[in-house]
Amino acid sequence: MSLQDKDKKYVWHPFTQMKDWIQEEQLIIEKGEGNYLIDTEGNKYFDGVSSLWVNVHGHCNKRLNSALIEQTKKIAHSTLLGLSNTKAIKLAEKLVEIVPRGLTKVFYSDNGSTAIEVAIKMAFQYFQHRNKKEKTKFAYLTHSYHGDTIGAVSVGGIELFHSIFKPLLFDAIKLPSFYCYRCEFHLEKNVCDRECIKKSKEILEKNKDFIAALVMEPIVQGAGGMIVHPEGVLKELAECCKKLGILLILDEVATGFGRTGKMFACEYEKVKPDFLCLAKGITGGYLPLAATITTDEIFSAFLGDYDEFKTFFHGHTYTGNPLACAVALENLKLFEEEKILEKMEEKIPLFNRCLKIFEDHKNVGEVRQKGFMVGIEIVKDKNTKEIFPLKEKICIKISQNARKYGLITRPLGNVLVLMPPLSSSKDELSFITEALYKSLIDILGE
Ligand SMILES: *Cc1c(COP(=O)(O)O)cnc(C)c1O
């Protein structure tokens, strides 16, 4: 049996309609080289979504490979329950150095969803210990995505993914969207009176006695369609939370580690959250690892005599895995030594210029970019902003057809996505925008 057939026989793929999957020819990746993926037939494709938003320095990076190999010679795994390990300690110290000042305590887990679960449970338990027992609710944004576990889905705002699970979820308080292109108040971007912020503040104010925390993706909502928030949203919501005694959980699982052009997106508006959730790029895209980083104030509420049971009773088996931590440390070294963020400062405006070719196309509603996070919203009609029916799978077709031009990408509903590794060169950035554009023309015409 071919690998292709075995895949179809044995593997159930995530976020995938398996009926379609089984009928179509699939690519099977065998290796990676720099920013490229190579399939079992030897074809080479640019990794246009950084292997689902995780890859930073390219594949098979010598430095990351050797950090991993060196660590395997020492130990692959040991637990953080009742023991510690050298790499988890060193990484925690390093993370505290680079995150906004005041975030001082690192709690490890192994993926973005669990980083959020940890923050939610900590925020909840914090108020129980502080005797504000009625603060049990969470606020979240329309179009938000925080992962696929039940707690993360409860604060998720994407109907298509989340509505079926409603009966399983806890109640949460929804704030409006900050999706200017489709403003829910039908206002015009830049000349509006920011009804979305006003309304959010009202909802927070009204429910302040019940809300433990606001959970949000700062600056860019990724899975919701690469929605770039208007300037000031983060700052204003953060200030409002502070004033009302609501904790702020920032989900930088996608935006963290340079993806928007700064190490963390919250730096754009100088916001310091009570919890910072990190995953995806933390190991440069090598291994599953996540961190929920919080303050002394939160941490201290969990201190007490053993029989007060103030312990945070939560932990994942592979928490603080030494292999993952060793690679994460090397990832951060590469950021410094190779001046990744400085180099991005030059590459981002070039990427922006390349993307301009999309703007005049009859089916492009909006091009959104923050750093290396790009969403191109496809519409059937530019004037009415009507979208193609999902069943036509237009963006899926455009994305799959782009393979012909050597580009792998994966859309989000009616939004085409480019999220290349930070190691992409200027030539590669222009190559991928052209490849995607050619594919768009193939499917929808000039
Ligand atoms: C991917 C993502 C998550 C979930 O991370 P997993 O590792 O897939 O569990 C959470 N939040 C954001 C913003 C993400 O992009």
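Rings of Phe, Tyr and Trp (its six-membered ring) count as a pair if their centres lie within 6.5 Å, and a pair is stacked when the planes are under 30 degrees apart, edge-to-face when they are over 60, and tilted for the rest. With that in mind, select Phe-107, Phe-302 and Phe-312, which form one aromatic cluster.

Before going further, note that this is a predicted model, in which local features need pLDDT of at least 70 and side-chain atom pairs count only at pLDDT 80 or more, while totals for chains, interfaces and linings use all residues. Residues are numbered from 1 along each chain as its sequence is written, and side-chain values use heavy atoms, with hydrogens and water left out.

**Aromatic pairs**

The count of aromatic pairs comes to 9. Select Tyr-36 and Phe-46, an edge-to-face pair with 5.3 Å from centre to centre and 85 degrees between the planes. Because Tyr-36 lies in strand β2 (residues 36–39) and Phe-46 in strand β3 (residues 44–47), the pair ties together parts that are 10 residues apart in sequence; helices (H or I, at least four residues) and strands (E, at least two) are DSSP runs, numbered from the N terminus. Phe-46 is buried, at a relative accessible area of 0%, where buried means under 20%, exposed over 50% and partly exposed in between, for a 1.4 Å probe and protein chains only.

Next, select Phe-138 and Phe-170, whose ring centres are 6.1 Å apart and whose planes stand at 50 degrees, so the pair is tilted. Phe-138 is in strand β5 (residues 137–141) and Phe-170 in the loop between α8 (159–162) and β6 (173–175), 32 residues apart, so that distant parts of the chain are linked by this pair. Are these two residues buried or partly exposed? Phe-138 is buried at 2% relative accessibility, whereas Phe-170 is partly exposed at 33%.

**Charges over rings**

Now select Lys-370 together with Tyr-268: the lysine lies over the face of the tyrosine, at 4.1 Å from the ring centre. A charge sits over a ring if NZ of Lys or CZ of Arg is within 6 Å of the ring centre and within 35 degrees of the ring normal. In the pair of Lys-385 and Tyr-181, the charged end of the lysine sits over the ring, 4.3 Å from its centre.

**Domains and core**

Colour domain 1 (3–57 + 340–444) and domain 2 (66–337) separately; such bounds come from an automatic or database domain assignment. Their centres, taken over C-alpha atoms, are separated by 26 Å, and 34 residues of domain 1 are in contact (heavy atoms within 4.5 Å) with 32 residues of domain 2.

Select Leu-204, Leu-214 and Ile-378, the residues with the most contacts inside the largest nonpolar core, which has 90 residues. A nonpolar core is a set of buried Ala, Val, Leu, Ile, Met, Phe, Trp, Tyr and Cys residues joined through side-chain atoms within 4.5 Å. Both domain 1 and domain 2 give residues to this core, so it lies between them. Leaving aside neighbours within four places in sequence, the contacts of Leu-204 include Ala-139, Leu-175 and Ile-246.

**A last stop at Ser-50**

Finally, select Ser-50, which lies in helix α3 (residues 50–53) and is buried, with a relative accessible area of 0%. Not counting residues up to four places away in sequence, Ser-50 touches Asn-55, Arg-259, Met-419, Pro-420 and Pro-421.
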